[in-house]
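Open the model in your viewer and keep the selection panel at hand. The stops below go from the whole chain to single residues.

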Amino acid sequence: MTLNLNELSGNLTEILQNTKLLTNDFSSMASVATEIVTPFSQVKTALGEVA
């Protein structure tokens with residue numbers, strides 16, 4: 001029984017770490033998306049000022 005609990009505990013830890021990694025990936029993707037979008041909005045603003 002103890003072995004099973006240790007194994008379960010290890011699996012839960014692994015799941016938590018993977019979840020943390022996923023969360024980091026999502027926030028990284030969000031920053032990248034922001035970096036991609038920002039220049040476009042700056043161009044749009046600049047065009048608006050010209051027009």
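What percentage of the 51 residues in the protein is buried? Buried residues make up 0%, where buried means under 20% relative accessible area, exposed over 50% and partly exposed in between (1.4 Å probe, protein chains only). This is a predicted model, in which local features need pLDDT of at least 70 and side-chain atom pairs count only at pLDDT 80 or more, while totals for chains, interfaces and linings use all residues. Residues are numbered from 1 along each chain as its sequence is written, and side-chain values use heavy atoms, with hydrogens and water left out.

Begin with the whole protein, shown as a cartoon. The protein has one helix and zero strands (DSSP runs numbered from the N terminus: H or I of at least four residues for helices, E of at least two for strands). The C-alpha trace spans about 75 × 10 × 5 Å along its principal axes.

Switch to a surface. The accessible surface of the protein is about 4,700 Å² (Shrake-Rupley method, 1.4 Å probe), and 67% of this belongs to carbon and sulfur atoms.

Select Thr 2 next. Thr 2 lies in helix α1 and is exposed, at a relative accessible area of 57%.

Finally, select Ile 15, which is in helix α1 (residues 2-50).
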